[in-house]
Amino acid sequence: MALLISKKCINCDMCEPECPNQAISYDGIITVIDPERCTECKGHYERPTCIDVCPIDCIAVDPAHKESEEQLYDKFVALHGDMLIAKGSA
């Protein structure tokens with residue numbers, strides 16, 4: 001599942017630079033997570049880094065974007081496949 005930032009968010013900008021998929025952005029009003037880019041850090045980290053750095057615990061699983069572990073990893077490969085190929089051939 002992709003993650004979602006709740007209305008409790010204070011726009012502190014702790015999560016955005018931590019996202020390895022560039023899925024988090026500030027839209028001028030609130031901080032949002034793009035479900036097309038969010039992999040819950042699968043392929044990068046054990047846990048979602050945005051959740052770990054959020055000072056007010058306002059990031060949770062988005063029930064509107066249910067995905068299996070395999071789907072999240074497939075999304076990671078689609079987003080970072082070129083990087084994986086470059087690392088494998090080095």
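**Figure legends: overall fold and the His80 site**

**View 1. The whole chain in outline.** With 90 residues, a compact globule would have a radius of gyration near 12 Å, and the protein agrees with this at 13 Å (taken over C-alpha atoms; the globule rule is 2.2 Å times the number of residues to the power 0.38). This is a predicted model, in which local features need pLDDT of at least 70, side-chain atom pairs count only at pLDDT 80 or more, and totals for chains, interfaces and linings use all residues. Residues are numbered from 1 along each chain as its sequence is written, and side-chain values use heavy atoms, leaving out hydrogens and water. Along the principal axes, the C-alpha atoms fill a box of roughly 45 × 25 × 25 Å.

**View 2. A closer look at His80.** Look for His80 in helix α2, which covers residues 69-89. His80 is buried, as its relative accessible area is 12% (buried means under 20%, with a 1.4 Å probe and protein chains only). Across the protein, buried residues make up 30% of the 90 residues.

**View 3. The neighbours of His80.** Leaving aside residues up to four places away in sequence, His80 touches Pro20, Asn21 and His44 (contact means heavy atoms within 4.5 Å). With Asn21, the His80 side chain also makes a side-chain polar contact of 2.6 Å (a pair of N or O atoms within 3.5 Å; within protein, one must be able to donate a hydrogen and the other to accept it, and residues adjacent in sequence count only if both atoms are side-chain atoms).

Key. Buried < 20%, exposed > 50% of the residue type's maximum accessible area, 1.4 Å probe, protein only. Helix = DSSP H or I, 4+ residues; strand = E, 2+ residues; numbered from the N terminus.
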